[in-house]
Amino acid sequence: MALSLLVVSISFYLKEYISPDSDLYATLSLVSVAGVVVMVIAFSLGLGAMPWIIMSEILPINIKGLAGSFATLANWFFSWLVTLTTNLLLDWSSGGTFRIYTAVCVFTAGFVAIWVPETKGKTLEEIQQFFR
């Protein structure tokens with residue numbers, strides 16, 4: 001996701017310095033669209049499903065309903081926040097918007113690598129022990 005967003009960001013920055021009549025401008029437009037499509041595919045295969053998978057694997061049964069509701073609320077709230085702010089950020093700077101999204105993706109990857117436990121082959125009790 002981060003790489004595809006970086007490609008989109010760079011293509012928007014380059015488009016600022018190229019004449020709209022040139023062939024390179026049209027090519028950069030296609031690169032931008034392709035980068036967004038790749039990002040959506042990568043999101044769908046990775047981070048898009050992550051909240052639901054993590055909820056089902058790490059939450060203890062006695063709080064699964066309440067915590068799952070809170071996690072779902074947080075997930076949809078941040079989706080709404082991104083949707084709300086995207087047009088404002090694009091009016092500010094197209095390249096800058098996608099650079100911010102790239103930074104968020106890199107931060108998320110680091111956060112997941114450091115703080116999200118591997119649950120493959122572990123029981124719920126072993127996973128809960130990780131958080132104590």
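How many helices and strands are there in the protein? There are six helices and zero strands, where helices (H or I, at least four residues) and strands (E, at least two) are DSSP runs numbered from the N terminus. The order of elements from the N terminus is α-α-α-α-α-α. The model is predicted, so local features need pLDDT of at least 70 and side-chain atom pairs pLDDT 80 or more, while totals for chains, interfaces and linings use all residues. Residues are numbered from 1 along each chain as its sequence is written, and side-chain values use heavy atoms, with hydrogens and water left out.

The C-alpha trace spans about 60 × 30 × 20 Å along its principal axes. Of the 132 residues, 20% count as buried (under 20% relative accessible area; exposed is over 50%, partly exposed in between; 1.4 Å probe, protein chains only).

Five aromatic pairs were counted. Rings of Phe, Tyr and Trp (its six-membered ring) pair if their centres lie within 6.5 Å; planes under 30 degrees apart are stacked, over 60 edge-to-face, the rest tilted. Phe 77 and Trp 80 form a tilted pair, with 5.9 Å between centres and 35 degrees between planes. Both residues lie in helix 4 (residues 64–92), three residues apart, about one turn of the helix. Phe 77 is partly exposed because its relative accessibility is 42%. Trp 80, at 48%, is also partly exposed. Elsewhere, ring pairs link Phe 12, Phe 98 and Tyr 101 into a cluster.
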